[in-house]
Each structure stands twice: as structure tokens, then as C-alpha cells.
Amino acid sequence: FMKKCTTGYCTAQAVDKSGKPLVGAAKASSMKKCYTDYCTAQAVDKNGKPLAGAAQASFIKKCVSSF
């Protein structure tokens with residue numbers, strides 16, 4: 001569900017300044033940034049504290065690859 005929801009959200013955000021949908025490399029770049037931003041927000045430990053360093057990088061890499 002979250003993957004579908006996030007993909008829909010990121011697709012909706014992939015538009016240029018005039019509101020036209022992006023295509024090709026521009027869309028891919030926008031989608032990757034959106035997924036990375038989403039995964040960064042999710043990178044917290046069991047106590048709710050944000051991850052840092054290698055733990056954060058590993059979490060983000062795994063999270064982004066799931067899309």
C-alpha cells in the first residue's frame with residue numbers, strides 16, 4: 001500500500017513549472033529525489049530518533065530500491 005501511495009504521490013509531483021508532466025530523464029530524476037526524500041523521513045530508530053551516518057545511508061538505499 002505505501003509503495004503504491006508513494007509512487008502515485010511522486011508521479012503527481014513530477015511536473016514542470018507550467019504544470020506539464022515530466023518525461024524521460026527529468027521524470028526519473030524527480031521520482032528518485034521524491035523517493036529519497038520519503039525514505040529520509042522514514043529513517044528513524046525504534047525510539048523515534050533520526051538515523052545518521054552509515055545506518056541512515058543503508059536504510060535509504062534499501063528503501064529507495066524497494067520502489
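The model is predicted. Helices α2 and α3 come within 9 Å of each other, axis to axis. Tyr35, Tyr38 and Phe67 are linked by ring pairs into a cluster. Thr6 is in contact with these three residues.

**Helix α2 against helix α3**

- Helix α2 spans residues 24–42, and helix α3 spans residues 53–65.
- Their axes cross at roughly 130°.
- The two helices are therefore oblique to each other.
- The crossing of α2 and α3 is right-handed.
- On the α2 side, the contact is made by Tyr35, Thr36, Tyr38, Cys39, Thr40 and Gln42.
- On the α3 side, Gln56, Phe59, Ile60, Cys63 and Val64 make the contact.
- By class, seven of the contact residues are nonpolar and four are polar.
- No charged residues take part in this contact.

**The aromatic cluster**

- A pair of aromatic rings is described by how far apart the centres are and by the angle of the planes.
- Two aromatic pairs are counted here.
- In the pair of Tyr35 and Phe67, the ring centres are 4.2 Å apart and the planes are at 0°, so this pair is stacked.
- Tyr35 lies in helix α2 and Phe67 in the segment after α3, so their pairing ties together parts 32 residues apart in sequence.
- Tyr38 and Phe67 form an edge-to-face pair.
- For Tyr38 and Phe67, the distance is 6.0 Å centre to centre, with 80° between the planes.
- Tyr38 also lies in helix α2, so its pair with Phe67 ties together parts that are 29 residues apart in sequence.

**Burial of the ring residues**

- Tyr35 is buried, with a relative accessible area of 11%.
- Tyr38 counts as partly exposed, at 21% relative accessibility.
- The cut-off for buried is under 20%, so Tyr38 at 21% does not count as buried.
- Phe67 is partly exposed, with a relative accessible area of 25%.

- Thr6 sits in helix α1, which covers residues 2–13.
- Thr6 counts as buried, at 5% relative accessibility.
- Neighbours within four places in sequence aside, Thr6 is in contact with Tyr35, Tyr38 and Phe67.
- Those three contacts are the residues that ring pairs link into the cluster.

Definitions and conventions:
Residues are numbered from 1 along each chain as its sequence is written. This is a predicted model: local features need pLDDT of at least 70, side-chain atom pairs count only at pLDDT 80 or more; totals for chains, interfaces and linings use all residues. Side-chain values use heavy atoms; hydrogens and water are left out. Axes are lines fitted to C-alpha atoms, for helices over the stretch in contact, and angles run from 0 to 180 degrees between N-to-C directions. Helices (H or I, at least four residues) and strands (E, at least two) are DSSP runs, numbered from the N terminus. Angles under 35 degrees count as roughly parallel, over 145 as roughly antiparallel, 65 to 115 as roughly perpendicular and the rest as oblique. A crossing is left-handed if the near helix is turned anticlockwise from the far one by less than a right angle, and right-handed if clockwise. Contact means heavy atoms within 4.5 Å. Ala, Val, Leu, Ile, Met, Phe, Trp, Tyr, Cys and Pro count as nonpolar, Asp, Glu, Lys and Arg as charged, and the others, Gly among them, as polar. Rings of Phe, Tyr and Trp (its six-membered ring) pair if their centres lie within 6.5 Å; planes under 30 degrees apart count as stacked, over 60 as edge-to-face and the rest as tilted. Buried means under 20% relative accessible area, exposed over 50%, partly exposed in between (1.4 Å probe, protein chains only).
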